[in-house]
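Please look over the structure below with its aromatic rings and its inner spaces in mind. The briefing that follows takes these topics in turn.

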Amino acid sequence: MRFQAPTIVLVPLALASQINTLTSRADSECTKTHIFLAKGNNEPYPGRQGKLVNSICSGLSSCDYEDIHFYNPVESVYCDSVFEGVANGISQIIAYNKRCPDASLVISGYSQGAHIVGDILGGGGGKFFEGCIQGANEGLDFNSAAAKKISAVLIWASTRHTASQPYNVFTGANGQGLFPRPENQLAAMAQFTSVLHDYCVSTDPICAGGKEGPTHLNYFDLYSDVAAEWVKSQLSSAAEATTVVSSASSTASSAASSSTSVSASVSVSSTQSSLVTSLTASAIPTPTRSVDVTVGSASVSLTTSTSDSTPAPVST
């Protein structure tokens, strides 16, 4: 696949110096922070985003990343690659959350991968490069367990960047990409606003209609550290929210326990009152022996008739 109007072909990069600390770990032990990457066209993984992953994971005690699987060399059909990436991305995110439900999830996509990440959130489908048709898909359910563990989503230089969205950042925030999204997809994506940044620089020809091709290629040289700081602040906020929820649950549990104790006490008091009422309101047979029954901390003296050698049971 080649981008048309304008044409920008992303060629494989020599990234060894950037990614020597990284390992893609789809099946590894669970980590506290797990990053999903969707690469740009014709890139190796992790591609340009290797710098971003290193910046995010730097200083974190438990962090790794996972490739979203799709085939996208130059000769591939753009729409087929995106459709495959969206389907696999949603499946991989759900699967990891099921295996590691406590992990905070971060999702990042660049260029064609940004298109994929946007479709994962908001759904996708339509007509794109060279007239190809991408099949429709539903986005990740916002109320799903996996979606609730997403701490940050980063969309970089997307072909589907749409002007004036609340999650847009950088100078291209009001620019239009080559294929802006329809209202229904934007509405779905807007649900994720609190965890979403859509990065676009105004001179980028892909996301903002700009005229400087190199702009599209240098995001991670310039902005990885800035973006990583935002991600870390999101992770910190998520951790604090988890602590608050845990504390609230503990408090609610204690309150429920106290309520149970009070209810039991009231029940005992009610039983005592019932017994006293029974003794004062009913005709008392001629006593022949005394039976002491302890209810809670109170001792109540009952009597039985000679005609019933077995005392009636007393409910406590």
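A charge counts as sitting over a ring if NZ of Lys or CZ of Arg is within 6 Å of the ring centre and within 35 degrees of the ring normal. In this predicted model, Lys39 lies over the face of Phe70, at 5.8 Å from the ring centre.

**Aromatic pairs**

- Tyr78 and Phe129 form an edge-to-face pair, with 4.8 Å from centre to centre and 75 degrees between the planes.
- This pair links distant parts of the chain, since Tyr78 belongs to helix H3 (residues 78-99) while Phe129 lies in the loop between strand E4 (124-127) and strand E5 (133-137), 51 residues apart.
- Both members of the pair, Tyr78 and Phe129, are buried.
- Phe170 and Tyr199 form a pair that is tilted, with 5.0 Å from centre to centre and 55 degrees between the planes.
- Here too distant parts of the chain are linked, with Phe170 in the loop between strand E7 (168-169) and helix H6 (183-190), and Tyr199 in strand E8 (residues 196-199), 29 residues apart.
- Phe170 is partly exposed, with a relative accessible area of 28%, whereas Tyr199 is buried, with a relative accessible area of 2%.

- About 270 Å³ of space lies in the second largest pocket, and its lining is made up of 15 residues, of which Ser104, Lys149, Ala238, Ala239 and Thr242 lie nearest its centre.
- Strand E6 (150-156) and helix H7 (219-281) are the elements that give two or more residues to this lining, and H7 gives the most, with seven residues.
- By class, the lining of the second largest pocket has five nonpolar, six polar and four charged residues.

**The cavity**

- The structure holds one cavity of 30 Å³ or more, and about 60 Å³ of space lies in the largest cavity.
- The largest cavity is lined by 14 residues, and those nearest its centre are Arg160, His161, Arg181, Met189 and Asp198.
- Helix H4 (112-122) and H6 each supply at least two residues of the lining of the largest cavity, and this lining divides into five nonpolar, six polar and three charged residues.

Notes: Residues are numbered from 1 along each chain as its sequence is written. This is a predicted model: local features need pLDDT of at least 70, side-chain atom pairs count only at pLDDT 80 or more; totals for chains, interfaces and linings use all residues. Side-chain values use heavy atoms; hydrogens and water are left out. Rings of Phe, Tyr and Trp (its six-membered ring) pair if their centres lie within 6.5 Å; planes under 30 degrees apart count as stacked, over 60 as edge-to-face and the rest as tilted. Helices (H or I, at least four residues) and strands (E, at least two) are DSSP runs, numbered from the N terminus. Buried means under 20% relative accessible area, exposed over 50%, partly exposed in between (1.4 Å probe, protein chains only). On a 1 Å grid over the protein atoms alone, a cavity is a set of points where a 1.4 Å probe fits but cannot get out, and a pocket is an open set with protein on both sides within 12 Å along at least five of seven lines; lining residues have an atom within 4 Å of a point. Grid points are joined across faces, edges and corners, and a volume is the space filled by probe spheres set on the points. Ala, Val, Leu, Ile, Met, Phe, Trp, Tyr, Cys and Pro count as nonpolar, Asp, Glu, Lys and Arg as charged, and the others, Gly among them, as polar.
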